[in-house]
Amino acid sequence: MKKYQYPTVLSIAGFDGSGGAGIQADLKTISALGCYATTVLTALPVQNTTGVQSIFSIPTSVVKEQLDSIFDDIQPSAIKIGMVHTPELVETIAAKLKNYPKIPVVFDPVMVATSGHKLIEDETIKSITELLFPLADVITPNMDEAAILAQMPVETIEDMRIAGNKILDLSCKSVLLKGGHLKSDLLTSLFFGPDKTVHEFEFEKFETQNMHGSGCTLSSAIASYLAQKNSLLNSVTKAQEYVHQAIYHAKDVKIGKGNGPLNHFFNPQKLIKYELE
């Protein structure tokens with residue numbers, strides 16, 4: 001009897017009890033794209049669609065134990081990192097991932113929520129750029145996060161081009177700078193590849209309040225496509241189309257009183273099975 005394995009994606013991220021962002025969004029995305037999800041919880045924000053009310057930290061020793069437990073049993077095909085809000089957490093995660101250089105890593109440097117709430121301690125940014133950026137195959141900041149990282153206003157596509165190159169110089173292998181906050185009829189994102197080539201992606205905007213967790217969804221989608229052995233550029237391309245469709249299919253739905261979630265299951269895929277080598 002032949003034996004098989006699933007493409008597995010590990011989400012290292014924070015909690016969202018309202019189900020639209022964080023680990024919950026990652027679980028939905030990874031599952032919808034036919035992969036098997038495992039998780040490590042880094043923080044417990046108390047939040048809903050209207051915003052973040054408070055954040056409770058998970059002890060770093062507990063994060064380390066979670067990482068050790070998962071890697072000892074189910075080694076991931078790809079890794080997505082989301083909310084990492086203290087230097088100690090950064091050090092703990094980086095120390096573990098250094099031992100697995102062949103596993104692709106997608107890092108969403110979560111600093112500002114869709115609602116505008118700042119989610120990260122200032123002293124953590126230096127640790128992130130020094131320890132996690134070099135380990136990530138791609139980082140996925142939005143315009144607000146890019147402004148923090150590049151230390152400049154990011155309001156136009158030209159600003160995005162300048163900021164993206166500045167961020168690339170922070171020991172990053174590649175950068176997907178998301179342009180969802182552009183004041184235009186088009187959503188433009190720029191991918192600064194490992195070969196310094198810049199790829200531009202454009203999507204038509206439409207009226208919706210349901211964008212909660214879009215960044216979490218995008219980064220876990222990229223990781224899911226990488227787990228399926230797609231190239232980095234192909235994974236970035238497919239993930240953006242998936243998120244665009246997930247937003248489109250949720251645009252007329254009312255969930256919560258604020259920024260509602262995406263429709264992650266607009267076209268769910270069966271769990272993929274690869275023959276064991």
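Below is a tour that starts with the whole chain and then moves from one selection to the next.

**Before you click**

This is a predicted model, so keep its ground rules in mind: local features need pLDDT of at least 70, side-chain atom pairs count only at pLDDT 80 or more, and totals for chains, interfaces and linings use all residues. Residues are numbered from 1 along each chain as its sequence is written, and side-chain values use heavy atoms, with hydrogens and water left out.

**Stop 1: the whole chain**

Show everything as a cartoon. You're looking at 8 helices and 11 strands. The radius of gyration is 17 Å, close to the 19 Å that the globule rule gives for 277 residues, so the chain is as compact as a globular protein of that length. (That radius is taken over C-alpha atoms, and the globule rule is 2.2 Å times the number of residues to the power 0.38.) Taken along the principal axes, the C-alpha atoms fill a box of roughly 55 × 40 × 40 Å.

How much of the chain is buried? Of its 277 residues, 53% count as buried. Buried means under 20% relative accessible area, exposed means over 50%, and partly exposed is in between, using a 1.4 Å probe and protein chains only.

**Stop 2**

F56 sits in strand β4, residues 51-57, and is partly exposed at 49% relative accessible area.

Now select E88, E91, E121 and E123, which make up a negative surface patch. E91 belongs to helix α3, residues 87-97, and is partly exposed with a relative accessible area of 46%.

What counts as a patch? Its residues have over 30% relative accessible area and no salt bridge; like charges are joined within 9 Å, and nonpolar side chains (Val, Leu, Ile, Met, Phe, Trp, Tyr) within 5 Å. The areas come from the Shrake-Rupley method with a 1.4 Å probe, and for residues only the protein chains shown count as cover. Asp and Glu count as negative, Lys and Arg as positive, while His and the chain ends are not counted. Each charge is placed at NZ of Lys, CZ of Arg, CG of Asp or CD of Glu.

**Stop 2: salt bridges**

A salt bridge here is a side-chain nitrogen of Lys or Arg within 4 Å of a carboxyl oxygen of Asp or Glu, and the count comes to 6.

Begin with K80 and D26, whose closest N and O atoms are 3.0 Å apart. This pair links distant parts of the chain: K80 is in strand β5 (residues 78-81) and D26 in helix α1 (residues 22-32), 54 residues apart. Are they buried or exposed? Both K80 and D26 are buried.

Next, pick K126 and E130, bridged at 2.7 Å between the closest N and O atoms. They are separated by about one helical turn, because they lie 4 residues apart in helix α4 (residues 124-132). K126 is exposed at 54%, whereas E130 is partly exposed at 48% relative accessibility.

Then go to R161 and E200, whose side chains meet in a salt bridge of 2.7 Å, N to O. Here helix α6 (R161) is linked to strand β10 (E200), 39 residues apart. R161 counts as partly exposed at 30%, and E200 is partly exposed at 39%.

Finish this stop with K64, D68 and K96, which are linked in a network of salt bridges.

**Stop 3: two loop residues**

Select Q151, in the loop between α5 (143-150) and α6. Its phi is near 55°, a positive value in a residue other than glycine. At 72% relative accessibility, Q151 counts as exposed.

Then jump to K229, in the loop between α7 (214-227) and α8 (232-248). K229 has a positive phi of about 75° although it is not a glycine, and it is exposed with a relative accessible area of 60%.

Try the distance tool on N165 and I93: C-alpha to C-alpha they are 26 Å apart in space, and 72 residues apart in sequence. N165 is in helix α6, residues 157-168.
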